[in-house]
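Visitor: Hi, could you walk me through this one? I'd like to go from the overall layout down to single residues.

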Amino acid sequence: VGLMPPAGPHTNGSLQTMSFPSDPTVVLKTISLQNMYSSIVRASQNLIMTEGKADIALIGLAVMGQNLILNMNDHGFTVCAFNRTVAKVDEFMNNEAKGTKIIGARSLLEMVSHLKKPRRLMM
């Protein structure tokens with residue numbers, strides 16, 4: 001089955017066709033992924049529109065990253081901590097960062113949403 005897009009600048013005046021897969025589950029999976037993607041985009045726009053509180057974010061909670069974050073916190077900066085392994089963030093926030101102004105982020109999107117503008121990031 002073919003589908004013709006409307007004529008316009010993206011078609012250069014020529015007719016183009018697009019075929020769909022014969023398996024209806026592929027179409028349903030594609031629609032589900034598109035809906036999920038749209039939901040993620042809307043949620044991310046809402047998160048990024050909120051005003052952040054952190055002066056800077058730091059990615060990487062190995063020994064040096066943790067010490068840099070604690071040092072910046074001791075000097076009056078509000079720091080957002082992120083690590084690819086989320087368990088490291090939880091462990092750091094529950095131990096070394098407990099009782100500080102340090103903010104833990106469980107995703108890159110959450111980290112960006114915690115930052116004041118202009119956003120500053122140390123990797």
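Visitor: How many helices and strands are in the chain?
Guide: There are four helices and six strands, where helices (H or I, at least four residues) and strands (E, at least two) are DSSP runs numbered from the N terminus. Along the sequence they follow the pattern β-β-α-β-α-β-α-β-α-β. This is a predicted model, in which local features need pLDDT of at least 70 and side-chain atom pairs count only at pLDDT 80 or more, while totals for chains, interfaces and linings use all residues. Residues are numbered from 1 along each chain as its sequence is written, and side-chain values use heavy atoms, with hydrogens and water left out.

Visitor: OK, and which strands form the open sheet?
Guide: Four strands form it, in the order β5-β4-β3-β6 and with parallel pairing; two strands pair if DSSP finds at least two bridges between them. At the edges are β5 (103-105) and β6 (121-122), each of which pairs on one side only.

Visitor: What joins β4 to β5?
Guide: Three bridges join these parallel strands, and Phe 82 has Ala 105 in β5 as its bridge partner.

Visitor: Where does α2 lie?
Guide: α2 lies across β3, β4 and β6 and runs at about 165 degrees to β3; axes are lines fitted to C-alpha atoms, for helices over the stretch in contact, and angles run from 0 to 180 degrees between N-to-C directions. α3 also packs on the sheet, where it touches β4 and β5, contact meaning heavy atoms within 4.5 Å.

Visitor: Switching topic, which residues make up the largest nonpolar core?
Guide: That core has 11 residues in all, including Ile 56, Leu 58, Met 72, Ala 81 and Phe 92. A nonpolar core is a set of buried Ala, Val, Leu, Ile, Met, Phe, Trp, Tyr and Cys residues joined through side-chain atoms within 4.5 Å, with buried meaning under 20% relative accessible area (1.4 Å probe, protein chains only). At least two residues of this core come from each of β3 (56-59), α2 (63-74), β4 (79-82) and α3 (86-94).

Visitor: What does Ala 81 touch?
Guide: Leaving aside neighbours within four places in sequence, Ala 81 is in contact with residues including Leu 58, Ile 69, Val 89, Phe 92 and Gly 104.

How values were computed. Buried means under 20% relative accessible area, exposed over 50%, partly exposed in between (1.4 Å probe, protein chains only).
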